[in-house]
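Dear colleague,

Please find below the structure for your records.

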Amino acid sequence: MTNHEAAADAIDAPRINFAKAAPKAFKALIGFDAAARQGLDPALVELVQIRSSQLNGCAYCLHMHTTDARKAGESEERLHMVAVWREAAHFFTTEERAALALTEAVTLVSHGGVPADVYARAAAVFEEAELAGLLALIFAINTWNRIALSTAKVPGTDERAA
């Protein structure tokens, strides 16, 4: 077996089941995620999770949250526009656009932090508790994305149903 073949086998090897291996951390994250959602519009929650998952390249979470959004009544048209929301601004409310901009800034925080104007726009349309919840939601989905990517979750499977 060549080094390349061994590396390919290692890539395809099963990875840790985070929920089973770290149940306390997993349950804590579920609680954090649930607390973050409180008081936020469910449609906004899904849009934020979809955009963060797109930016992080997390197919597992993207599939899960687009499915959840459809079940909650979100239109295909809006789902297709999330990735290009700036060019398709009329598909989204002022609050949704502010949340999507904040989602991008926090998700890509290493690309220059969270610009003051992006934060100010979100602070102008969300009450303080809503803004804190929105930030917590963005933190949570970024953590979920990292778990799914690091443990090679398979898109199209949803362990919540298991």
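**Findings**

G73 is exposed, with a relative accessible area of 60% (exposed means over 50% relative accessible area, buried under 20%, and partly exposed in between, with a 1.4 Å probe and protein chains only). This is a predicted model, in which local features need pLDDT of at least 70, side-chain atom pairs count only at pLDDT 80 or more, and totals for chains, interfaces and linings use all residues. Residues are numbered from 1 along each chain as its sequence is written, and side-chain values use heavy atoms, with hydrogens and water left out.

G73 lies in the loop between α5 (59-71) and α6 (76-81); helices are DSSP runs of H or I of at least four residues, numbered from the N terminus. From C-alpha to C-alpha, G73 and A43 are 8.6 Å apart in space, while 30 residues separate them in sequence.

N56 belongs to helix α4 (residues 42-56) and is buried, its relative accessible area being 19%. Apart from neighbours within four places in sequence, N56 is in contact (heavy atoms within 4.5 Å) with T107, N142, N145, R146 and L149.

As regards cysteines, a disulfide is taken as a pair of cysteine sulfur atoms within 2.5 Å, and by this rule there are zero disulfides. C58 is in no disulfide, the nearest cysteine sulfur being that of C61, 3.5 Å away. C61 likewise is in no disulfide, and its nearest cysteine sulfur is that of C58. C58 is buried at 1% relative accessible area, and C61 is also buried, at 4% relative accessibility.

Yours sincerely

Key: Helix = DSSP H or I, 4+ residues; strand = E, 2+ residues; numbered from the N terminus.
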